[in-house]
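Please look over the structure shown below before reading on.

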Amino acid sequence: MLEKIKVALFFLVFLAGVIFFSFFPSQGFFVRLGVALVSVAVCLTLIWFSDFGRNLMVFFRESVREASKVFWPTRKETMQLVLVVFVFTVIVALYLFFVDKFLEWFLYDLILGWR
């Protein structure tokens, strides 16, 4: 129950900071910025000491670790793959063009006789 209260409080503090920064332009910019920074600090503190925040940090660390394991292609491999995709796209476009022209000829000229 305490965890749910922490997460709810996080969202309320975050929303209050955004509302104050957005809807009180009569206050000075630095005052609004200070309130926004304080609300961010309070939000980070609330999340840091909750199970949700700790699980979120574990998820981020594991995501970075998994991203470092990814095999990134070299520039040459990337250019070859781009060329393959481009050629395939042109072939499919030509195929669709000719199918469309055939169907147009078949329907309008042969069957309906409109031309």
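Ser 50 lies in the loop that connects α2 with α3 (51-68); helices here are DSSP runs of H or I with at least four residues, strands are runs of E with at least two, and both are numbered from the N terminus. The model is a predicted one, in which local features need pLDDT of at least 70 and side-chain atom pairs count only at pLDDT 80 or more, while totals for chains, interfaces and linings use all residues. Residues are numbered from 1 along each chain as its sequence is written, and side-chain values use heavy atoms, with hydrogens and water left out.

Is Ser 50 buried or exposed? Its relative accessible area is 1%, so Ser 50 is buried; the term buried applies under 20% relative accessible area, exposed over 50%, and partly exposed in between, with a 1.4 Å probe and protein chains only. Apart from neighbours within four places in sequence, Ser 50 is in contact (heavy atoms within 4.5 Å) with Glu 3 and Lys 6. The C-alpha atoms of Ser 50 and Leu 2 are separated by 8.7 Å, although these residues are 48 apart along the chain. Leu 2 belongs to helix α1 and is exposed, with a relative accessible area of 56%.

Not counting residues up to four places away in sequence, Leu 46 touches Lys 6, Leu 9, Phe 10 and Val 13. Leu 46 is also one of the five residues of the largest nonpolar core, together with Phe 10, Val 13, Cys 43 and Ile 47. Helices α1 (2-23) and α2 (29-48) each supply at least two residues of this core, and α2 gives the most, with three. A nonpolar core is here a set of buried Ala, Val, Leu, Ile, Met, Phe, Trp, Tyr and Cys residues joined through side-chain atoms within 4.5 Å. In soluble globular proteins, nonpolar side chains tend to be buried together.

Two further positions may be considered in the helices. Ala 36 is in helix α2 and counts as buried, at 17% relative accessibility. Between the C-alpha atoms of Ala 36 and Ser 22 the distance is 9.8 Å, with 14 residues separating them in sequence. Met 57 is in helix α3 and counts as partly exposed, at 32% relative accessibility. Met 57 and Arg 32 are 25 residues apart in sequence, and their C-alpha atoms are 29 Å apart in space.

The protein chain as a whole has four helices and zero strands. Its radius of gyration, taken over C-alpha atoms, is 29 Å, well over the 13 Å that the globule rule (2.2 Å times the number of residues to the power 0.38) gives for 115 residues, so the chain is more spread out than a compact globule. The C-alpha trace spans about 75 × 45 × 35 Å along its principal axes. Of the 115 residues in the protein chain, 12% are buried. Among contacts between residues at least 6 apart in sequence, 44% join residues at least 24 apart. The protein chain exposes about 9900 Å², of which carbon and sulfur atoms supply 78%; such areas come from the Shrake-Rupley method with a 1.4 Å probe, and for residues only the protein chains shown count as cover.
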